[in-house]
Amino acid sequence: MDRNEHNLKMEELKTAMHNREYEKAVELADMLDLKKIKDNNFLSLVADAYEVTHKYQEAKKVLLLAYENTNAGRQLAYRLCLIAIKTKEYDEAEEFYGDFIEMAPRDTGRYILRYKMAKAKGEPIEKLIEILEEYVNIDMEEKWAYELAKLYHIAGDEEKCVDMCDEISLWFAEGKYVIKAMDLKKMHQSL
């Protein structure tokens, strides 16, 4: 494939992704020599196509290519860690987690990665709660606050579950997680 054909395939792939034609995008990606591409945004787009079609090993290979292209790959380390978790390659996940922490020591995404790793490994619920409590104390994000409320519910800690549901309602006032939190709260006490 000459340079013009290569560039044409890249444009077709971008169009396919824009149109949500993920299978077509994957077919086009398979035709390209991705090792020659130095554009990390494009490589990330290719990885998205593979990830959406559940081809995690291919997504990982593409992200590793992008990772090798850059010095500031904290987002790539984050994504590689997530994919390693999905593919149950926990040693690799720990390595990418370490890289992520080294590149972004203050990024709260570390809690999400730690939580996902702990959950995937089947860690005890107390450990999962501990991780999310740390995160929610730093960054009250409704999705993870609700996840914490669910963990309290599962652990049988009715008081903390209700308190977290109330916090979610106070912080966010409306939205799907507020509704879910109120439904969860109803399981323990009337509104």
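Charges and rings in a predicted model

Mentor: In this predicted model, a salt bridge joins the side chains of Asp166 and Lys185, with N and O 2.5 Å apart.

Trainee: What makes the contact of Asp166 and Lys185 a salt bridge?

Mentor: The cut-off for nitrogen to carboxyl oxygen is 4 Å. The N to O distance here is 2.5 Å, so the pair is within the limit and counts as a salt bridge. Asp166 is in helix 10 and Lys185 in helix 11, 19 residues apart.

Trainee: Is Lys185 called buried or exposed, and why?

Mentor: Lys185 has 10% relative accessibility. Buried means under 20%, so Lys185 is buried. Asp166, with 27%, is partly exposed.

Trainee: Why is the contact of Arg74 with Asp107 called a salt bridge?

Mentor: The closest N and O atoms are 3.4 Å apart. The limit is 4 Å, so this pair also qualifies. Arg74 lies in helix 5 and Asp107 in the loop between helix 6 and helix 7, so the bridge ties together parts 33 residues apart in sequence.

Trainee: How many salt bridges are there in the whole structure?

Mentor: A search finds 15.

Trainee: And the rings: how many aromatic pairs does the structure hold?

Mentor: Six. One of them is Trp171 with Phe172, with centres 6.3 Å apart and planes at 40°.

Trainee: Why is the pair of Trp171 and Phe172 called tilted?

Mentor: Stacked needs under 30 degrees and edge-to-face over 60. The planes are at 40°, so the pair is tilted.

Trainee: What makes Trp171 exposed?

Mentor: Exposed means over 50%. Trp171 has 54% relative accessibility, so Trp171 counts as exposed. Phe172, at 22%, is partly exposed.

How values were computed:
Residues are numbered from 1 along each chain as its sequence is written. This is a predicted model: local features need pLDDT of at least 70, side-chain atom pairs count only at pLDDT 80 or more; totals for chains, interfaces and linings use all residues. Side-chain values use heavy atoms; hydrogens and water are left out. Rings of Phe, Tyr and Trp (its six-membered ring) pair if their centres lie within 6.5 Å; planes under 30 degrees apart count as stacked, over 60 as edge-to-face and the rest as tilted. Buried means under 20% relative accessible area, exposed over 50%, partly exposed in between (1.4 Å probe, protein chains only). Helices (H or I, at least four residues) and strands (E, at least two) are DSSP runs, numbered from the N terminus.
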